[in-house]
Amino acid sequence: MRVILDTNVLLSALISPYAPPDTIYNAWRAARFELVTSIVQLDELRRVSRYPRLKAILPAHRVGAMVNNMQRAIVLEHLPSLPQGIEINDPNDAFLFTMALAGEADYLVTGDRRAGLLQLGNAGRARILTPTAFCADVL
């Protein structure tokens, strides 16, 4: 089973131990599924973790350890363009949809209700779920 975790899920795993994002991240580390990521997402994770509001609560070494761990995932170097007719409210999250397609993912897990991904329901064959729904339905 291949899974994509939105950057907000990854950061939430570091911020809130024992919450669904942390449970999902630990399930991947325990080899319960394959994680699909991309160079774009790893760059976003590094950049977003430096925002002042996150930097105050996330030590750089914890983010660095996560990025290093994610090098063991399936890392996509090139992503296709967003398919015609697909509308994503937040263009900065369009790469997640294309990651799901290119990475042949089964699930895309996001907590971002504003981006419009959850409303789509699917990205190719990938079901788009919240962390809570993923934990309940899959783990």
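These legends go with a set of close-up views of a predicted model.

Residues are numbered from 1 along each chain as its sequence is written, and side-chain values rest on heavy atoms, with hydrogens and water left out. Because this is a predicted model, local features need pLDDT of at least 70 and side-chain atom pairs count only at pLDDT 80 or more, while totals for chains, interfaces and linings use all residues.

**View 1. The sheet, strand by strand.** Here is an open sheet of six strands in the order β3-β2-β1-β4-β6-β5, with mixed pairing. β3 (74–76) and β5 (122–123) stand at the edges with a single partner strand each, so one side of each has no neighbour in the sheet. Strands here are DSSP runs (E, at least two residues) and helices are DSSP runs too (H or I, at least four), both numbered from the N terminus. Two strands pair if DSSP finds at least two bridges between them. β4 (107–109) and β6 (residues 126–129) run parallel and are joined by three bridges; in β6, I128 is the bridge partner of L108.

**View 2. β2 and its two partners.** On one pairing, β1 (2–5) and β2 (34–38) are parallel over two bridges, with E34 in β2 as the bridge partner of R2. On the other, β2 and β3 are parallel over three bridges, and V75 in β3 is the bridge partner of T37. β2 is mostly covered, with four of its five residues buried. Buried means under 20% relative accessible area, exposed means over 50%, and partly exposed is in between (1.4 Å probe, protein chains only).

**View 3. α3 against α5.** The axes of helix α3 (residues 39–48) and helix α5 (residues 60–70) come within 10 Å and cross at roughly 175°. That makes α3 roughly antiparallel to α5. For angles, under 35 degrees counts as roughly parallel, over 145 as roughly antiparallel, 65 to 115 as roughly perpendicular and the rest as oblique. The axes are lines fitted to C-alpha atoms, for helices over the stretch in contact, and angles run from 0 to 180 degrees between N-to-C directions. Which residues of α3 meet α5? They are Q41, L42, L45 and R46, and on α5 they meet V63, M66, V67 and M70.

**View 4. What sits over α2.** In helix α2 (residues 20–29), the buried residues are P21, D22, I24, Y25, A27 and W28. Their cover includes β1, α1 (7–15), β2, α5, β4 and α8 (131–137). Contact here means heavy atoms within 4.5 Å. Not counting residues up to four places away in sequence, N69 touches Y25, W28 and R29.

**View 5. S49, tucked into a loop.** S49 belongs to the loop between α3 and α4 (52–55). Its relative accessible area is 9%, so it counts as buried. The S49 side chain reaches the backbone oxygen of R46 at 2.9 Å. A polar contact is a pair of N or O atoms within 3.5 Å; within protein, one must be able to donate a hydrogen and the other to accept it, and residues adjacent in sequence count only if both atoms are side-chain atoms. Leaving aside neighbours within four places in sequence, S49 is in contact with L11, L54, K55 and V63.

**View 6. A73, on the way from α5 to β3.** A73 is in the loop between α5 and β3. Is A73 buried or exposed? A73 is buried, with a relative accessible area of 13%. Beyond its neighbours within four places in sequence, A73 is in contact with W28, L35 and T37. A73 and R2 are 71 residues apart along the chain, and their C-alpha atoms are separated by 10.0 Å.

**View 7. Two positive phi values.** A31 is not a glycine, yet has a positive phi of about 65°. It lies in the loop between α2 and β2 and is exposed, with a relative accessible area of 66%. E104, also a residue other than glycine, has a positive phi near 50°. E104 is found in the loop between α6 (94–102) and β4, and at 48% relative accessibility it counts as partly exposed.
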